[in-house]
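Visitor: I have a chain open here and would like to go through it with you. Could you start with the terms, and then we take the fold piece by piece?

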Amino acid sequence: MDLIHGLMNIFLPPLTFIALLLVLPPYLLLKFLAYIRRQLLSTENMAGKVVVVTGAASGIGEQIAYEYAKRGASLALVDVRGDRLGPVVERSRRLGSPDVISLQADVSVVDDCNRFVNATVNHFGRLDHLNMDCISDFTPIMDVNFWGTVYGTHFAVPHLRKSKGQIIVVASTCGWYPLPRLTIYNASKAALISFCETLRTEIGSDIGITIVTPGLIKSEMRLSGSLPKGMAFISMESKEECAKAIVRSACRGDNYLVEPSWVRVLFLWKVLCPELVEYCNRWVFVIRPRKVRRNITPGKQT
């Protein structure tokens with residue numbers, strides 16, 4: 001057995017490289033043609049469809065609700081802060097949603113997830129899109145970001161199978177890019193991406209799954225001071241533009257969306273030069289801030 005593994009260690013890497021040289025050109029061409037087709041032909045008509053949006057009281061979730069409302073979808077808006085959903089409901093109706101309900105629920109609680117899915121189906125009679133944008137300041141991060149999506153998806157899958165629907169999961173670039181000072185947040189989003197990719201394999205074509213990995217977006221979390229120091233120089237995209245891109249991508253049936261799209265270059269650096277990425281991240285977000293703090297004297301502070 002050790003001999004077999006030794007031979008695989010020697011021969012499998014070069015054979016894999018040769019196989020990639022043969023497979024990648026036609027594969028990338030097919031992906032490009034499929035992308036063009038989705039851009040031109042595959043936009044889903046949301047009029048009369050039913051969409052659940054979690055985290056709808058603010059941030060990206062709120063803007064996603066408005067984008068679906070403009071497309072004529074009926075909405076079930078969910079948030080742990082139920083008292084803040086009223087204005088979102090009213091604006092969604094003004095923007096064109098024929099029917100909107102609000103549901104107070106904590107996505108980290110299994111019974112709450114079952115309740116908001118059942119309430120949606122009981123009210124509208126169907127479910128077409130499930131948007132899981134689970135970020136909260138009130139519950140441990142893993143419970144909300146990971147288990148909140150798992151619970152909601154579990155209860156929604158039987159209804160989405162019937163409608164050949166779509167699951168839209170708002171993860172994060174931090175799920176695959178190791179941004180310092182956000183260790184547990186990054187881990188929760190990485191777990192979420194892995195969960196969704198595995199679920200897509202298991203479900204097949206019955207339900208589409210769009211995995212969204214936003215970069216820096218002007219949402220409540222990003223503006224609350226929870227981001228690492230040293231990122232002030234990076235331009236943040238508005239939550240409105242991000243929501244538009246998410247809904248467009250979901251209605252096209254995309255498997256992945258990186259928003260803004262330039263952020264995807266970080267993935268190449270991370271895969272091809274992981275040691276360099278680790279060093280640069282540590283310098284920018286750990287070592288350099290320490291040096292800045294040491295150089296600041298009480299007399300220079302404002």
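Guide: Let me begin with contact, which means heavy atoms within 4.5 Å. Among contacts in the protein chain between residues at least 6 apart in sequence, 69% join residues at least 24 apart. The model is a predicted one, in which local features need pLDDT of at least 70 and side-chain atom pairs count only at pLDDT 80 or more, while totals for chains, interfaces and linings use all residues. Residues are numbered from 1 along each chain as its sequence is written, and side-chain values use heavy atoms, with hydrogens and water left out.

Visitor: OK, how many helices and strands are in the protein chain?

Guide: The protein chain has 10 helices and 9 strands, where helices (H or I, at least four residues) and strands (E, at least two) are DSSP runs numbered from the N terminus.

Visitor: And what percentage of the residues is buried?

Guide: Of the 302 residues in the protein chain, 45% are buried; buried means under 20% relative accessible area, exposed means over 50%, and partly exposed is in between, with a 1.4 Å probe and protein chains only. The chain exposes about 16,300 Å², of which carbon and sulfur atoms supply 61%, and these areas come from the Shrake-Rupley method with a 1.4 Å probe, with only the protein chains shown counting as cover for residues.

Visitor: Now the sheet. What is the strand order?

Guide: The order is β3-β2-β1-β4-β5-β6-β9 in an open sheet of 7 strands with parallel pairing, two strands being paired if DSSP finds at least two bridges between them. The edge strands are β3 and β9 (256-259), each of which pairs on one side only. On average, neighbouring strands of this sheet are turned by 15° against each other, direction ignored; axes here are lines fitted to C-alpha atoms, for helices over the stretch in contact, and angles run from 0 to 180 degrees between N-to-C directions.

Visitor: Which residues face each other around β2?

Guide: Strand β2 (residues 74-79) pairs with β3 (residues 100-104) in the parallel sense over 5 bridges, and aspartate 79 stands opposite glutamine 104 in β3. The chain passes from β2 through helix α3 (residues 86-95) to β3 in a right-handed β-α-β crossover, meaning that, with the strands pointing away from the viewer, the path from the first strand over the helix to the second runs clockwise. Strand β1 (residues 50-54) also runs parallel to β2, joined to it by 5 bridges, and valine 53 has leucine 77 in β2 as its bridge partner.

Visitor: What packs on that sheet?

Guide: Helix α4 (residues 110-124) does, touching β1, β2, β3 and β4 (129-132), and its direction makes about 160° with that of β3. Helix α6 (residues 183-203) lies across β5 (166-170), β6 (208-214) and β9, running at about 160° to β6.

Visitor: Is threonine 153 buried or exposed?

Guide: Threonine 153, which is found in helix α5 (residues 141-163), counts as buried because its relative accessible area is 2%. Not counting residues up to four places away in sequence, threonine 153 touches Leu130, Ile167, Phe195 and Leu199.

Visitor: Switching to cysteines: how many disulfides does the count come to?

Guide: The count comes to 0 disulfides, a disulfide being a pair of cysteine sulfur atoms within 2.5 Å. Cysteine 273 is in no disulfide, and the nearest cysteine sulfur, that of cysteine 280, is 9.5 Å away. Cysteine 273 is partly exposed, with a relative accessible area of 26%, whereas cysteine 242 counts as buried at 0%.
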